[in-house]
Amino acid sequence: MTEDDTVDDDLLTIGAFAARSRLSAKALRLYDRLGLLAPAYVDEASGYRYYRADQAERARLVALLRQLDMPLARIAEVLGAEGPDAADRLAAYWTDVESRVAGQRTLAEYLRGRLSGRSSEMYEKFVIETVDVPAQVVITEARHTLADELPTWIGASLGRLEAAARECGGMTGAPFVVYHSEVSMESDGPAESCVPVADEAAARAWAAERGRAWKTTVRVEPAARLAYTRITKAQVANPQIMAAFEAVEQWMAGEGLEMAGPCREIYFGEWDAAGPEDQVCDVAFPVR
């Protein structure tokens with residue numbers, strides 16, 4: 001008997017099942033290897049795979065989910081769920097896809113502006129100012145991270161540091177993130193989350209006792225003059241925030257100012273309560 005013959009009324013060979021499910025035998029072998037669709041029976045002597053007719057629906061579902069470019073791990077989650085839960089997992093995946101595509105569409109428009117020589121038009125919408133800030137004690141957490149992990153890490157790290165500051169005399173200023181090197185899909189920084197804190201001794205004691213897991217440190221951020229522009233919550237996302245940084249850099253060059261330290265994002269607004277058009281962040285460079 002060959003692998004393409006029908007075994008009995010209950011089991012189908014891979015060839016017969018491929019015809020029933022409208023998939024190729026190659027695809028079925030791949031699904032088996034990936035753990036997404038195992039044969040009902042494998043002959044130990046010949047290695048032939050046999051399937052039940054009622055497995056055809058699952059086979060077609062795997063094929064359709066793969067057409068959505070769904071990662072194999074997410075396919076396994078959908079297949080492992082039932083009814084509304086499976087549908088909710090698919091919906092969550094597609095929401096992520098639409099969000100990613102929307103971001104890519106915005107980035108494409110931004111790049112079109114740059115490539116067509118319209119960068120100056122984009123920069124003109126940003127109002128650039130300078131401000132002098134005093135030296136401040138900050139409790140910090142640094143991490144090497146790529147761009148896709150950055151927003152999650154910023155939220156988590158600032159949450160930890162703000163909680164620590166409340167135990168160390170309170171916060172004395174807006175939290176901020178310093179970029180000591182570029183953070184992109186190819187470059188991992190590092191980035192440093194910073195929260196100004198009132199009691200330096202208490203902060204150092206907290207970091208030594210409870211901040212080891214996150215490599216928490218305490219340092220004095222020197223006084224500086226900052227060139228900055230204020231942006232909305234919607235503009236914090238890429239590539240709008242890239243345009244904001246570039247607008248400040250262009251303004252600095254026009255004013256004859258030199259960069260005196262790494263760039264930063266200063267979060268002064270209530271992020272969770274803010275709407276898309278509410279101002280929440282300053283994009284800034286120390287200058288001299």
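Biologist: What is the handedness of the crossing of α1 and α3?

Modeller: The crossing of α1 and α3 is right-handed, a term used because the near helix is turned clockwise from the far one by less than a right angle. Please keep in mind throughout that this is a predicted model.

Biologist: Why are α1 and α3 called roughly perpendicular to each other?

Modeller: Helix α1, residues 14-21, and helix α3, residues 56-67, pack at an angle of about 65°, with their axes 9 Å apart. Angles of 65 to 115 degrees count as roughly perpendicular, and α1 and α3 are therefore given that description.

Biologist: Which residues meet where α1 packs on α3, and what classes does the contact have?

Modeller: From α1 come Phe17, Arg20 and Ser21, which meet Ala56, Ala59 and Arg60 of α3. By class, this contact has three nonpolar, one polar and two charged residues.

Biologist: Turning to the strands, what makes β6 and β10 a pair?

Modeller: Two strands pair if there are at least two bridges between them, and β6 (residues 176-179) and β10 (residues 264-267) have three bridges, in the antiparallel sense. Val177 stands opposite Glu265 in β10, while the bridge partner of Val178 in β10 is Arg264. On the same criterion β6 also pairs with β7, in the antiparallel sense over four bridges, and there Val178 has Glu192 as its bridge partner.

Biologist: Which way do the residues of β6 point, and are they buried or exposed?

Modeller: Phe176 and Val178 point one way from β6, whereas Val177 and Tyr179 point the other way, and all are buried, a term that requires under 20% relative accessible area. In a regular strand the side chains alternate between the two faces of the sheet.

Biologist: In what order do the strands of the open sheet run, and why do β4 and β8 stand at its edges?

Modeller: The eight strands follow the order β4-β9-β11-β10-β6-β7-β5-β8, with antiparallel pairing. Both β4 (128-133) and β8 (217-221) have a single partner strand, so one side of each is left without a neighbour in the sheet. Neighbouring strands of this sheet are turned by 35° against each other on average, direction ignored.

Biologist: Which helices lie across these strands?

Modeller: Helix α7 (residues 150-166) lies across β5, β6, β7 and β10, running at about 30° to β7. Helix α9 (residues 240-255) lies across β4, β9, β10 and β11, running at about 35° to β11.

Note on methods. Residues numbered from 1 in each chain as written. Predicted model: local features only at pLDDT ≥ 70, side-chain atom pairs only at ≥ 80, totals over all residues. Heavy atoms only, no water. Helix = DSSP H or I, 4+ residues; strand = E, 2+ residues; numbered from the N terminus. Axes fitted to C-alpha atoms, helices over the stretch in contact; angles between N-to-C directions. Contact = heavy atoms within 4.5 Å. Parallel < 35°, antiparallel > 145°, perpendicular 65-115°, else oblique. Nonpolar A, V, L, I, M, F, W, Y, C, P; charged D, E, K, R; others polar. Buried < 20%, exposed > 50% of the residue type's maximum accessible area, 1.4 Å probe, protein only.
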